[in-house]
Amino acid sequence: GKSKDMEPKGKGKGKSKDMAPKGKGKGKGKRPAEPEGPPDEIEEIGEAVHPCEDDLICKCTNARVPHFNARIFLENKEEIGRLDEIFGPINSFYFSVKPAEGIKADSFKKGKKFYVDTMKLLPMSRFLPQPPIAKTGKGGGGKGKGKGKGKGK
């Protein structure tokens, strides 16, 4: 029985190596560390509603959910600030933008369209309660998901 000896070896070992994100985002060798350039693709994320204190309140017009701190752009990929908070009902939510240096929240007219890096969008399903997937026999796998991803305020 040669096949029996072969089985235990390498079971579940090869995976952990590939998954470790080594040197991610440091830009070693390839590119000098520079401020992020404009994204390859942007898509409309929302439109201005009104300024609030120093932030700009926007209504989301995209079916997907932007990352916290995602950079917000104008149509010409000019960065105007970063996404600060998301609030409101899940089917028509709003977000606030912290304007970048030298950009005033009240300089945007109501209805002004804003854009976001397409890589910085998450599917809404990520935020909806998922039917519990019974991976283990006990079925208690769905607890504690999605916590601690906030902003640490």
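Helices (H or I, at least four residues) and strands (E, at least two) are DSSP runs, numbered from the N terminus. This is a predicted model, in which local features need pLDDT of at least 70, side-chain atom pairs count only at pLDDT 80 or more, and totals for chains, interfaces and linings use all residues. Residues are numbered from 1 along each chain as its sequence is written, and side-chain values use heavy atoms, with hydrogens and water left out.

**View 1**
Let's start with the overview. Along the sequence the elements follow the pattern α-α-β-β-β-β-β-β-β-β. Of the 153 residues, 24% are buried (under 20% relative accessible area; exposed is over 50%, partly exposed in between; 1.4 Å probe, protein chains only). The chain exposes about 12100 Å² (Shrake-Rupley method, 1.4 Å probe), and carbon and sulfur atoms supply 54% of it. Taking contacts (heavy atoms within 4.5 Å) between residues at least 6 apart in sequence, 62% join residues at least 24 apart.

**View 2. Six strands close into a barrel in the order 1-2-6-5-4-7.**
The pairing around this barrel is antiparallel; two strands count as paired if DSSP finds at least two bridges between them. From one strand to the next the twist averages 45° (axes are lines fitted to C-alpha atoms, and angles run from 0 to 180 degrees between N-to-C directions). As a reminder, strands of a sheet pair through backbone hydrogen bonds, either parallel or antiparallel.

**View 3. Strand 6 (residues 94-99) pairs with strand 2 and with strand 5.**
With strand 2 (residues 55-60) there are four antiparallel bridges, and with strand 5 (residues 79-87) there are six, also antiparallel. Have a look at Tyr94: this residue is the bridge partner of Lys59 and of Phe87. The hairpin of strands 5 and 6 has six residues between the strands, and there Gly88 takes a positive phi near 100°.

**View 4. Strand 7 (residues 113-117) is mostly covered, with four of its five residues buried.**
Strand 7 runs antiparallel to strand 1 (residues 42-52), joined by five bridges, and to strand 4 (residues 71-73), joined by two. Val116 is the bridge partner of Glu43 and also of Ile72. Follow Ile72 onwards and you reach Gly81 in strand 5, which stands opposite; strands 4 and 5 run antiparallel and are joined by three bridges.

**View 5. Asp55 is a buried residue of strand 2.**
Its relative accessible area is 13%, so Asp55 counts as buried. The side chain of Asp55 makes a polar contact with the side chain of Lys98 at 3.0 Å. Such a contact is a pair of N or O atoms within 3.5 Å; within protein, one must be able to donate a hydrogen and the other to accept it, and residues adjacent in sequence count only if both atoms are side-chain atoms. Leaving aside residues up to four places away in sequence, Asp55 touches Asp84, Ser96, Val97, Lys98, Pro99 and Ala105.

**View 6. Glu53 and Lys77 take positive phi values in loops.**
Glu53, in the loop between strand 1 and strand 2, has a phi near 50°, a positive value in a residue other than glycine. Glu53 is exposed, at 78% relative accessibility. Lys77 lies in the loop between strand 4 and strand 5, with a phi near 70°. Lys77 is partly exposed, and its relative accessible area is 29%.
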